[in-house]
Amino acid sequence: MKFFLDTANIAEIEEAASWGVLSGVTTNPTLYAREGGKLADFHNHLKRICDIVDGPVSGETVGLTRDEIIREGEELAALAPNLIVKVPTMPEGLAATKALFDKGIKVNMTLCFTVPQAILAARSGAAYVSPFVGRFDDISEDGIDQLSQVVMALDNYDFGHDVEVIAASIRSANHVTQAALMGADIATVPFAVLKNLVKHPLTDRGLEAFLADWEKVKNS
Ligand code: E4P
């Protein structure tokens, strides 16, 4: 499994990259606004992220018609070679994805919840399909079960181009564990979740014991 960071925060991206575990980033104007960013500067910010990350960086479109999404997608794709255009799952999004695919521009189809949506996304030419886990849990449904159905279904077919599954809307280490066990290609996680993945109480306890023993050895 590869790890993407779901953020617009440069410091978080630089920190995760320094750990050697960062394979990509997914971001959108909402995450950027959370960092105090202004929409007018969103493209410059995406460019900065693309320079830091050695891997795909998904930037989301905000248009609702195919023409708007295609125009925006072309603008985004021109920012950097590793920029992936993030498009919502909807009829206009599928049409735009097909047009962008024909122009050689890679799309990450987002807001994907079901098997038929994922197959349609892959069929329209999406290079990445992002099933959401946590938002199912938010409405008391089993997001992990839904994700596993998408992974299994996409595995049944050859779409004539590479399709990777990004487990999105990931909220916990258990989500990541289950996504890895079912073979999801990528998990995109907030930085707080990534930090938690490194931790375990037994690791902390082992480290404390090691340091205490080391103090004794040093002072003997
Ligand atoms: C990533 O592409 C998605 O936008 C993100 O994972 C959604 O996460 P959320 O459900 O926590 O907003």
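Figure 1. An oxygen atom of the ligand lies 2.8 Å from a side-chain N or O atom of Asp6. Of the 340 Å² of accessible area that the ligand has on its own, the protein covers 82% (Shrake-Rupley method, 1.4 Å probe; for residues, only the protein chains shown count as cover). A polar contact is a pair of N or O atoms within 3.5 Å; within protein, one atom must be able to donate a hydrogen and the other to accept it, and residues adjacent in sequence count only if both atoms belong to side chains. The model is predicted: local features need pLDDT of at least 70, side-chain atom pairs count only at pLDDT 80 or more, and totals for chains, interfaces and linings use all residues. Residues are numbered from 1 along each chain as its sequence is written, and side-chain values use heavy atoms, with hydrogens and water left out.

**Figure 2. The shell around the ligand.** The surrounding residues are Asp6, Thr26, Asn28, Lys86, Phe132, Arg135, Ala168, Ser169, Arg171 and Thr188 (a heavy atom within 4 Å of the ligand). By class, this shell has two nonpolar, four polar and four charged residues (Ala, Val, Leu, Ile, Met, Phe, Trp, Tyr, Cys and Pro count as nonpolar, Asp, Glu, Lys and Arg as charged, and the others, Gly among them, as polar). The ligand takes up the space of the largest pocket. A pocket is an open set of points on a 1 Å grid over the protein atoms alone, where a 1.4 Å probe fits and protein lies on both sides within 12 Å along at least five of seven lines; a molecule sits in a pocket if more than half of its atoms lie within 2 Å of its grid points.

Figure 3. Asn108 is placed in strand 5 (strands are DSSP runs of E with at least two residues, helices runs of H or I with at least four, numbered from the N terminus). Its relative accessible area is 0%, so Asn108 is buried (buried means under 20%, exposed over 50%, partly exposed in between; 1.4 Å probe, protein chains only). The C-alpha atoms of Asn108 and Lys86 are separated by 4.6 Å, although the two residues are 22 apart along the chain.

Figure 4. Asn82, in the loop between helix 4 (66-77) and strand 4 (83-88), is buried because its relative accessible area is 17%. Its side chain reaches the backbone oxygen of Cys50 at 3.0 Å and that of Val53 at 3.1 Å. His161 belongs to the loop between helix 8 (143-155) and strand 7 (164-167). With a relative accessible area of 19%, His161 is buried; its side chain reaches the backbone oxygen of Ala122 at 2.9 Å.

**Figure 5. Residues with positive phi.** Most residues other than glycine have a negative phi. Leu111, which is not a glycine, has a positive phi of about 55°. Leu111 is found in strand 5 (residues 107-112) and counts as partly exposed because its relative accessibility is 32%. Ser140 has a positive phi near 60° and is placed in the loop between helix 7 (134-138) and helix 8. Its relative accessibility is 70%, so Ser140 counts as exposed.

Methods
On a 1 Å grid over the protein atoms alone, a cavity is a set of points where a 1.4 Å probe fits but cannot get out, and a pocket is an open set with protein on both sides within 12 Å along at least five of seven lines; lining residues have an atom within 4 Å of a point.
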